[in-house]
Amino acid sequence: MLSAAATARRLVFKSRWRPSVTASSSVLRVAPGNTIASARLPSYPTRLQHTAALLADEKVPESIDPLDRPLAEHAVISAFDLFSIGVGPSSSHTVGPMRAAKIFVVDLQKHDLLEKVHTVKVTLYGSLAATGKGHMTPQAIVMGLEGSDPETIDTGTLPSRYQAIIDTKHLTLGGSHRITYDMDKDMLWRWDQTLPTHPNGMRFSCFGENGDLIATNEFFSVGGGFVVNEATKVDENLYYKNVDKEQVDAARLSQTHGAEEPSDTSPLDSVFGDSASESAPRGNQPPYLFHSGDSLIAMTKAHNLTIAQLVYENERHYLTPDQIHDKLMRIWGVMDDCIRTGVATTETTLPGRLNLKRRAPMLYKRLMRGFYPSIAAAAQPLVRPPDLESGLDIPLSTQMAIDSGLLTPNKPLVLQSSRSSSRVVGSFNHAVPPMAPRKTVFPGMDFLSCYAIAVNEVNAGGGRIVTSPTNGASGVIPAVLKYIVEFSSHSNDAVSVDSLTAAAIGMLFKRGSTISAAEGCQAEVGVACSMAGFAACMGASPEIIAQSAEIGIEHNLGLTCDPIDGLVQVPCIVTLECNAHILTPLFTAAQLAMASGGVFSVTLDEAIEAMRLTAKDMSVKYKETSLSGLATTVRIPLSSPAW
């Protein structure tokens, strides 16, 4: 268990300047004898300098400590930082550590230190150490050290590559320099300690042939695959998803208000295809730098934009319209493929000691019986099998049935029924009679739940996934998008509207609170419930969308993260059932907000602040450490890794 003092040292990224941190600190601390001039980042303004500038422009009452004055930060990041392609099962314990390891290696290469390295020591702290083995953290780190990236790594070869490193006790650093690496000796697990900045801390140190320290660095995986360290925790935009810091757009080096107001040219020019607006907008920052829900709504009103349109215009600062469209479709394609993989897999169990059975394939088969009665009938095909040679378009539901093995093209479908008679439970000779068993039929909602479970089973198996906003909640938004496309909109326009709207809400949570399960699952599934954007696809106004997001998080405050055996599997409160279960209140939140007529008592900003305070006060036992809750009441031994 982490000490109270260690817990108290956790840094909340938001409102206060930390005198020990300067943005000009070295990214890589190079040992004496290896120091080179390029080992330091360019100097960016520190929070103290920003605060001094604020004080010069605006008088502060003498009773307020200037260092306690909040910095005017905006929440704007790229939607494609919030929605990024990676691997399961965890964005903070798998994707983040893999990125951190690769960043460390890239820094060594830039400083011409890679060839001097004989071995690397990795120390994991806090939540990373407590549940890292179940979250595939060791695999992620060694893959990152070998130069792999979460978006492009072949997930099918990951287990064999990892096993080869264990067997040979060697890895290829950066893909070019072979070093010795003994997993039992070179990866240390400090689950009883935390580093001051964040519970998900890790330290990388590399040594020469004589055992001399060459360089060391600490990284913190703060949720959603985002990685920061001492040099970037003030303005964490410095890293985001880019491993090469020199390729980061200048607007992402600082998250402070330093941009001019949008130009007189209307942003709607791009919406209607004005040729003068085809290229990305110029300037140091995106045009609409909202910092709160209220400012976001105010900007949509002032410029006559929807939330999705506003985020789109911000994206045009980094990308062209064609690039934005391609990236959105790429993300949706990965989500859709993930659903198909989840319902069509032939694997029956998930990895890990729990031997948890996969449920998505069977759930999907049961649902498809409603579309194909012959599956439930006795030896008589009632539906003509699809003819792929006819040249006609095959419905998507039929294609998914073919992919999952339910239908065989050009062949009759014959399957014996396995139905058993229902049995009434209870006494008939009673004043309160028993009820006969019956099935509820909500096809749309049933498919919605099946889609969410399918995605999360792929995630739990270490498959290709989209962080949305995290891997632990990666089933919610894909399921909503699939539902909208299949049952409501039937257009890819809904993908853009939903994704961009969800990104705006996610940015507010990331900047105002957290999206890390190390602060409870409220930061994963709770935030995803707010982000889902269903109200936007139903034509709701920005005010109603914000109210729907508030309702979504309000009733998920305090949601804990207590994974059994450190696996992203069994607890309803973590992933599989929770992603499916949360969809009903998600739709209810949208319906309630749309029926409210704009009358509400709690704002989205107030709910986000309440979540931040709840996360701060929550016991460390319920913050992805497997120290309490279901992780201790369910009789399965906790796999505590050796030091």
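**Helix packing and its surroundings**

A: Helix H16 (residues 476-488) packs with helix H17 (residues 493-512) at an angle of about 150 degrees, and their axes are 10 Å apart. Axes here are lines fitted to C-alpha atoms, for helices over the stretch in contact, with angles from 0 to 180 degrees between N-to-C directions. H16 is therefore roughly antiparallel to H17 (over 145 degrees; under 35 is roughly parallel, 65 to 115 roughly perpendicular, the rest oblique). The crossing of H16 and H17 is right-handed, meaning that the near helix is turned clockwise from the far one by less than a right angle. On the H16 side the contact (heavy atoms within 4.5 Å) uses Ile477, Val480, Leu481, Ile484 and Val485, and H17 contributes Ala494, Val495, Asp498, Ser499 and Ala502. Sorted by class, the residues of the contact of H16 with H17 are eight nonpolar, one polar and one charged.

The model is predicted: local features need pLDDT of at least 70, side-chain atom pairs count only at pLDDT 80 or more, and totals for chains, interfaces and linings use all residues. Residues are numbered from 1 along each chain as its sequence is written, and side-chain values use heavy atoms, with hydrogens and water left out.

Helices (H or I, at least four residues) and strands (E, at least two) are DSSP runs numbered from the N terminus. The peptide bond from Ser468 to Pro469 is cis, with omega near -5 degrees. Another cis bond runs from Gly88 to Pro89, with omega near 10 degrees. Pro89 sits in the loop between strand E2 (84-87) and helix H4 (91-110).

The crossing of H10 and H20 is right-handed. In this contact Ile297, Thr300 and Lys301 of H10 meet Pro542, Glu543 and Ala546 of H20. The residues of the contact of H10 with H20 comprise three nonpolar, one polar and two charged.

Helix H11 (residues 307-315) is largely enclosed by the rest of the structure, because eight of its nine residues are buried (under 20% relative accessible area; exposed is over 50%, partly exposed in between, with a 1.4 Å probe and protein chains only). The buried residues of H11 are Ile307, Ala308, Leu310, Val311, Tyr312, Glu313, Asn314 and Glu315.

Met136, in the loop between helix H5 (126-131) and helix H6 (137-145), has a phi of about 60 degrees. Met136 is buried, at a relative accessible area of 18%. Lys169 also has a phi of about 60 degrees, and is found in the loop between helix H7 (158-168) and strand E4 (170-173). At 37% relative accessibility, Lys169 is partly exposed.

Finally, the cysteines. The structure holds zero disulfides, taking a disulfide as a pair of cysteine sulfur atoms within 2.5 Å. Cys206 is buried, with a relative accessible area of 0%, and Cys338 is buried at 5%.

Notes
Nonpolar A, V, L, I, M, F, W, Y, C, P; charged D, E, K, R; others polar.
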